[in-house]
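Biologist: Please walk me through this one. I'm new to reading models.

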Amino acid sequence: MAVSAVGNISVSSVPSGAAILLDGISTGSVTQGTIENVPVGSHTILLQKSGYQDVSQINVAVSDNATSFVSLTMTAVIAAPVISGRSPTYGYNTTSVNNVIIYGSGFSTSGATVVLAKSGQTNITGTISSALATQLTCSFPITGKPAGYWNVIVTNADGQSGSLSSGFEIRSSSSTVTLSSTIPSCAVTNTTASITCLSGTNVLTSATIRLKRAGYNDIYGTVSS
């Protein structure tokens, strides 16, 4: 009776624990492991492991009653960056905005880039001063840039990117200031009034405040926050 010629393939990987497929079929073994009784000839070894890219070696030659050796290094799968938030959410186009913190996950700690993008406009490239996997600190030169909402886009060193639609607002310092409410809304005469909350829109951090009434001198206040 004819006896088939067979050999073995010893397979190792970094890291270990990868599933071993022989010619596309699972062997039920993991690295480090040896596949026995493999028919003589040329074969393909494929390794699969969660969190890592598949890796293979083709043309693995198997000889009769001999062991062939395969050693492969697996590359971890790096997820695309995800932006979950930012602070502050806006800046005025009279100067650069500094210390903008972008929150998220999967950021490259080196080689990442961040831009503000708006349809019809040239991207505004930010300068990253601190990079962590979950937080980027950067500045944007928004002086003279068009007002409106801009998308925030982070691109990792490997080319993968994540974006936050309308994630940052550029405001114009020439926009009309509107005031909607004050807390409190009144005070006793001959006392110092303390307004704890003055709500409105388009108010700059450099704004001043005063009370005005026809026939009377303006009363200037001191802004503490």
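**A buried histidine, then the rest**

Modeller: Start with His43, which counts as buried because its relative accessibility is 9%. Buried means under 20% relative accessible area, exposed means over 50%, and partly exposed is in between, using a 1.4 Å probe and protein chains only.

Biologist: Before we go on, what kind of model is this?

Modeller: This is a predicted model, where local features need pLDDT of at least 70 and side-chain atom pairs count only at pLDDT 80 or more, while totals for chains, interfaces and linings use all residues. Residues are numbered from 1 along each chain as its sequence is written, and side-chain values use heavy atoms, leaving out hydrogens and water.

Biologist: OK. Where does His43 lie?

Modeller: His43 is in strand E5, residues 41–48. Helices (H or I, at least four residues) and strands (E, at least two) are DSSP runs, numbered from the N terminus.

Biologist: Which other residues does His43 touch?

Modeller: Not counting residues up to four places away in sequence, His43 touches several residues, including Leu22, Val38, Ile58 and Val62. Contact means heavy atoms within 4.5 Å.

Biologist: Zooming out. How many helices and strands are there?

Modeller: The protein chain has 0 helices and 20 strands.

Biologist: And what is its radius of gyration?

Modeller: The protein chain has 32 Å, whereas a compact globule of 225 residues would be near 17 Å. The radius of gyration is taken over C-alpha atoms, and the globule rule is 2.2 Å times the number of residues to the power 0.38. Along the principal axes, the C-alpha atoms fill a box of roughly 120 × 35 × 25 Å.

Biologist: How much of the chain is buried?

Modeller: 27% of the 225 residues count as buried. The accessible surface of the protein chain is about 13,900 Å², and 51% of it belongs to carbon and sulfur atoms. Accessible areas come from the Shrake-Rupley method with a 1.4 Å probe; for residues, only the protein chains shown count as cover.

Biologist: Which residues have the most contacts inside the largest nonpolar core?

Modeller: That core has 18 residues, and those with the most contacts inside it are Ile102, Leu116, Phe140 and Val152. E10 (97–105), E11 (113–117), E14, E15 (148–155) and E16 (161–171) each supply at least two of its residues. Another core lies apart from it, with 15 residues, among them Ile35, Ile45, Leu72 and Met74. A nonpolar core is a set of buried Ala, Val, Leu, Ile, Met, Phe, Trp, Tyr and Cys residues joined through side-chain atoms within 4.5 Å.

Biologist: Now sheets. How do E15 and E16 run?

Modeller: E15 and E16 run antiparallel, joined by 7 bridges. Trp150 stands opposite Phe168 in E16. Two strands pair if DSSP finds at least two bridges between them.

Biologist: What order do the strands take in the open sheet?

Modeller: The order is E9-E16-E15-E11-E12, an open sheet of 5 strands with mixed pairing. Its edge strands are E9 (90–92) and E12 (124–125), each of which pairs on one side only.

Biologist: What joins E13 to E14?

Modeller: A hairpin does, through 2 residues. E13 (residues 127–132) and E14 (residues 135–140) pair in the antiparallel sense over 5 bridges, with Thr127 opposite Ser139. E14 also runs antiparallel to E10, again over 5 bridges, and there Ile102 has Leu136 as its bridge partner.

Biologist: Last one, Asn151. What does Asn151 count as?

Modeller: Asn151 counts as partly exposed, because its relative accessibility is 29%. Asn151 is in strand E15, and a polar atom of its side chain lies 2.7 Å from the backbone nitrogen of Ser166.

Methods. A polar contact is a pair of N or O atoms within 3.5 Å; within protein, one must be able to donate a hydrogen and the other to accept it, and residues adjacent in sequence count only if both atoms are side-chain atoms.
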